[in-house]
Amino acid sequence: MTASTWTESDSAAAEKIWANYQRDHDLSACTGKTAGIDPHTGRVWIGDSIHDVLSQRDADGIDSLLFFERVGSRTYYRKGGRR
């Protein structure tokens, strides 16, 4: 899969996988960490950063694109303007 083949249904599937994962696992010790979700396999990796998650994924021999979430946050990253 390439970035141009990522679809809205991939995002929806990843969000559903993430919701189920959060329901089934205690993530209280992981607040602020990065979760990478593969919408095709349902695999979830949790690490300190996107780079850490990608290293874990690569070590598992997988090269698919991932959907990223920040554990315990409604947004992954929010850029604020300076006034």
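**View 1. Asp-58 and Arg-57 joined through their side chains.** The side chains of Asp-58 and Arg-57 meet in a salt bridge, with 2.8 Å from N to O; the term stands for a side-chain nitrogen of Lys or Arg within 4 Å of a carboxyl oxygen of Asp or Glu. Arg-57 counts as buried at 11% relative accessibility, whereas Asp-58, at 45%, counts as partly exposed. Here buried means under 20% relative accessible area, exposed means over 50%, and partly exposed lies in between, with a 1.4 Å probe and protein chains only. The model is a predicted one, in which local features need pLDDT of at least 70 and side-chain atom pairs count only at pLDDT 80 or more, while totals for chains, interfaces and linings use all residues. Residues are numbered from 1 along each chain as its sequence is written, and side-chain values use heavy atoms, with hydrogens and water left out.

**View 2. The whole chain, with its helices and strands.** The chain has 2 helices and 3 strands, which follow the order α-β-β-α-β from the N terminus on. Helices (H or I, at least four residues) and strands (E, at least two) are DSSP runs, numbered from the N terminus. Of the 83 residues in the chain, 29% are buried. A search of the whole structure finds 4 salt bridges.

**View 3. The salt bridge between Arg-43 and Asp-60.** The side chains of Arg-43 and Asp-60 meet in a salt bridge of 2.6 Å, taken from N to O. Arg-43 lies in the loop between β1 and β2 and Asp-60 in the loop between α2 (50–59) and β3, so the pair ties together parts that are 17 residues apart in sequence. Arg-43 is partly exposed, with a relative accessible area of 33%, and Asp-60 counts as partly exposed at 39%.

View 4. Asp-38 is placed in the loop between β1 (34–37) and β2 (44–47). The side chain of Asp-38 does have a polar contact of 3.2 Å with the side chain of Thr-41. A polar contact is a pair of N or O atoms within 3.5 Å; within protein, one must be able to donate a hydrogen and the other to accept it, and residues adjacent in sequence count only if both atoms are side-chain atoms. Leaving aside neighbours within four places in sequence, Asp-38 is in contact (heavy atoms within 4.5 Å) with residues including Ile-17, Trp-45 and Ile-62.

**View 5. The largest nonpolar core.** This core has 10 residues: Ala-14, Ile-17, Trp-18, Leu-27, Cys-30, Ala-35, Ile-37, Val-44, Phe-67 and Val-71. Both α1 (8–24) and β1 supply at least two residues of this core, and α1 gives the most, with 3 residues. A nonpolar core is a set of buried Ala, Val, Leu, Ile, Met, Phe, Trp, Tyr and Cys residues joined through side-chain atoms within 4.5 Å. Not counting residues up to four places away in sequence, Ala-14 touches Ile-37, Pro-39 and Phe-67.

**View 6. Glu-69 in strand β3.** Glu-69 is found in strand β3, which covers residues 67–70, and is buried, with a relative accessible area of 14%. Glu-69 and Ile-46 are 23 residues apart in sequence and 9.5 Å apart in space, C-alpha to C-alpha.
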